[in-house]
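Visitor: I'd like to learn how to read salt bridges and interfaces off a model. Could you walk me through it?

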Amino acid sequence: MEPDRALDDLKIIRRMMERTRREMGGYGGWHIMVLWGTIWFFGFLGTQFLPDAILAWLWPGLCTLGAAVSVWLGVRMGRQGGVHSSIWRLILLWWLPLIVFAVLVAWLFRLNDGRDLTLLIVLTVAVGYFQTGVFTYWVISGIGTLIAALAVGAAVLAPEYFFLVMALAGGGGLIGSGLWFIYHKD
Amino acid sequence: MAELNSLIHQPTRLRIMAALVSLDEGDKADFTFLRGLLGLTDGNLSVHLQRLEEAGYAAVEKTFVGRRPRTLIWAAQEGRAAFATHVDALERIIHSETNNKEIRP
């Protein structure tokens, strides 16, 4: 066999392996990232500019919608097939105690301030992404790290624009990352 | 020295095996997922999977979800080992050529 042909075969193998791993996540995972990026975008943008009376409805509404669409995507994933992986059960088991931990921290430390609560939620999500990336794709850990750095940086350096930064960079970042993975197949 | 595996060497089966060994051990790919991923027809994918299954490289499990049939596929241990040996052989061909070029005046 000619070395050029061997090299071509190795390239085909590498591309196929990369694409398979990406498509595994693409069966719902990246769509859910875009969905929650959109919720962050409109939620935080509203938090920055809208009065409290509207916000009292905005976030519960967005989160309920997000949860419903996430469940729908999950059911759709199950029907369409994809990859039956045990790793996602472990990841789900990791996210559940993490969410319980965040709720307990908010309750025990009496976090009532909107920005403190937001920071806690965003950092919880960032830790969740980081851990998910350790078991799946390192780029997700990178996204988690960026979200954490962004949230802490905005809270410390530009507290008056905290929600705006979270909407544009946080929400926008999640939307952009999700779309990139969905459409960047090869 | 590792040798090329004639069964895996075939272009479509090479892609199928590359996809299957990308899955973690214990994970299984749905037939429709694999078909979409590889851009193959049902018949074409079935034929190649049968060859791989006969060689002991791939394992196939047919189940039902409600009334709908579902076919799950994964790389068997023997298939993973054969694929690794095949990749090793490809790398050796490239490296041997590189070495030859370095030796030549």
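Visitor: Which residue forms a salt bridge with Asp30(B)?

Guide: The idea first: a salt bridge is a side-chain nitrogen of Lys or Arg within 4 Å of a carboxyl oxygen of Asp or Glu. Here Asp30(B) pairs with Arg70(B), with the closest N and O atoms 3.1 Å apart. Asp30(B) lies in strand E1 of chain B and Arg70(B) in strand E3 (residues 68-75), so the pair ties together parts 40 residues apart in sequence. Strands (E, at least two residues) and helices (H or I, at least four) are DSSP runs, numbered from the N terminus.

A word on ground rules: this is a predicted model, where local features need pLDDT of at least 70, side-chain atom pairs count only at pLDDT 80 or more, and totals for chains, interfaces and linings use all residues. Residues are numbered from 1 along each chain as its sequence is written, chains are lettered from A and ligands numbered from 1 in the order in which they are written, and side-chain values use heavy atoms, leaving out hydrogens and water.

Visitor: Is Asp30(B) buried or exposed?

Guide: Buried means under 20% relative accessible area, exposed over 50%, and partly exposed in between (1.4 Å probe, protein chains only). Asp30(B) is buried at 5%, and Arg70(B) is buried at 11%.

Visitor: Which residue does Glu61(B) meet in a salt bridge?

Guide: That's Lys28(B), at 3.0 Å, N to O. Glu61(B) sits in strand E2 (residues 58-65) of chain B and Lys28(B) in strand E1 (residues 28-30), so this pair links parts 33 residues apart in sequence. Glu61(B) is partly exposed at 26%, and so is Lys28(B) at 22%.

Visitor: And where do Asp88(B) and Arg92(B) lie?

Guide: Both are in helix H5 (residues 77-103) of chain B, four residues apart, about one turn of the helix.

Visitor: What area do chain A and chain B bury between them?

Guide: Interface size is often given as the accessible area lost when the parts come together. Buried area here is that loss (1.4 Å probe), summed over both parts. Chain A and chain B bury about 2,400 Å², 66% of it on carbon and sulfur atoms. Helix H1 (3-26), helix H3 (52-80) and strand E1 (83-84) of chain A each supply at least two residues of the side touching chain B. The largest share, 15 residues, comes from H1(A).

Note on methods. Buried area is the accessible area (1.4 Å probe) that two parts lose on being put together, summed over both.
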